[in-house]
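Welcome! Please take a moment to look over the chain and its fold, and then let us walk through it together.

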Amino acid sequence: MTRIGRGIELAPERPLDEIEAMAERAEAAGFDAVLASCHYFNRDPFLALSRIADATEDVVLGPGIVNPYEAHPAALASRAATLQEESGGRALFGIGAGDASTLRALGIERERPLRRVLESIQVARELWDGKSVERDGAVTVRGARLNYAVDPLPVYVGAQGPDMLRMAAKHADGTLYNASHPRDVAWARERIEEGLAERPESRGDFAFVVQASASVAEDESA
């Protein structure tokens, strides 16, 4: 199973040539994962990830994170599966509810976020397993099916709130949690432990990944 140990997330606010070069540099520096952040106002993350896949050999890569409002979950699952194929099995699927204020700028209301993310995970896994998917809930699917085979991807949920953290621990393979203060990390770990208490043994191990934001430049003024 693909796991994140020491990773870095790159924002495609820079040209993709620069993103590709930074990914190569990150792999050479010993990072084992390179994610691409997902915002409508930046360059397309999956195009960036395709470039990263071609430029690297061993790093785990994936979106950090897509949401099931800007695009249909089945379409997202297919994009992630294509990345899995393109990267030789190094991909992960990072998904979450998305930022409410950013979605409002697109005229999208973030309805039933917990249920929508959970059902998106379920739809993706069924598609990767080669199944024809029928669903009528927070996500609607009418006989969707991939016409190519793919190895299933690990799913990492971008989670901040208590319910999403518990859901991720129960159903996903890992979570991406934005925090830098030890108190916040300790609080999140407690919520994850609550979810793990209800996690089926068949789901295997769970990865709690903490993301801390940083600005990097060669001189302090920059």
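By the ring rule used here, the count comes to 3 aromatic pairs. That rule pairs rings of Phe, Tyr and Trp (its six-membered ring) whose centres lie within 6.5 Å, and calls planes under 30 degrees apart stacked, over 60 edge-to-face and the rest tilted. One of the pairs joins Tyr 40 and Phe 41, an edge-to-face arrangement with 5.2 Å centre to centre and 75° between the planes. Tyr 40 is partly exposed, with a relative accessible area of 42%; here buried means under 20% relative accessible area, exposed over 50%, and partly exposed in between, with a 1.4 Å probe and protein chains only.

A second pair is made by Phe 93 and Trp 128: the ring centres are 5.5 Å apart and the planes stand at 80°, so this pair is edge-to-face. Phe 93 lies in strand E4 (residues 93–96) and Trp 128 in helix H5, so the pair ties together parts that are 35 residues apart in sequence. Helices (H or I, at least four residues) and strands (E, at least two) are DSSP runs, numbered from the N terminus. Phe 93 is buried, with a relative accessible area of 1%, and Trp 128 counts as buried at 4% relative accessibility.

Before going further, a word on the model. It is a predicted one, in which local features need pLDDT of at least 70 and side-chain atom pairs count only at pLDDT 80 or more, while totals for chains, interfaces and linings use all residues. Residues are numbered from 1 along each chain as its sequence is written, and side-chain values use heavy atoms, with hydrogens and water left out.

In soluble globular proteins, nonpolar side chains tend to be buried together.

Now follow Val 155. Not counting residues up to four places away in sequence, Val 155 touches Phe 93, Ile 95, Ile 121, Arg 125, Trp 128, Ala 172, Asp 173 and Gly 174, where contact means heavy atoms within 4.5 Å.

Ala 172, one of the residues touching Val 155, sits in the loop between H6 and E8. Ala 172 counts as buried at 0% relative accessibility. Ala 172 and Val 155 are 17 residues apart in sequence and 5.5 Å apart in space, C-alpha to C-alpha.

Let us turn to Cys 38, found in the loop between E2 and H2. Cys 38 is buried, with a relative accessible area of 15%. Leaving aside neighbours within four places in sequence, Cys 38 is in contact with Pro 45, Pro 63, Gly 64, Ile 65 and Val 66. In that group, the peptide bond from Gly 64 to Ile 65 is cis, with omega near 5°. Ile 65 belongs to the loop between strand E3 (60–63) and helix H3 (73–86).

Which residues lie nearest the centre of the second largest pocket? They are Cys 38, Pro 45, Val 66, Glu 70 and Arg 79, out of 14 lining residues. Helix H2 (45–55) and H3 are the elements that give two or more residues to this lining. By class, the lining has 8 nonpolar, 3 polar and 3 charged residues. Ala, Val, Leu, Ile, Met, Phe, Trp, Tyr, Cys and Pro count as nonpolar, Asp, Glu, Lys and Arg as charged, and the others, Gly among them, as polar. A pocket is an open set of points on a 1 Å grid over the protein atoms alone, where a 1.4 Å probe fits, with protein on both sides within 12 Å along at least five of seven lines; lining residues have an atom within 4 Å of a point.
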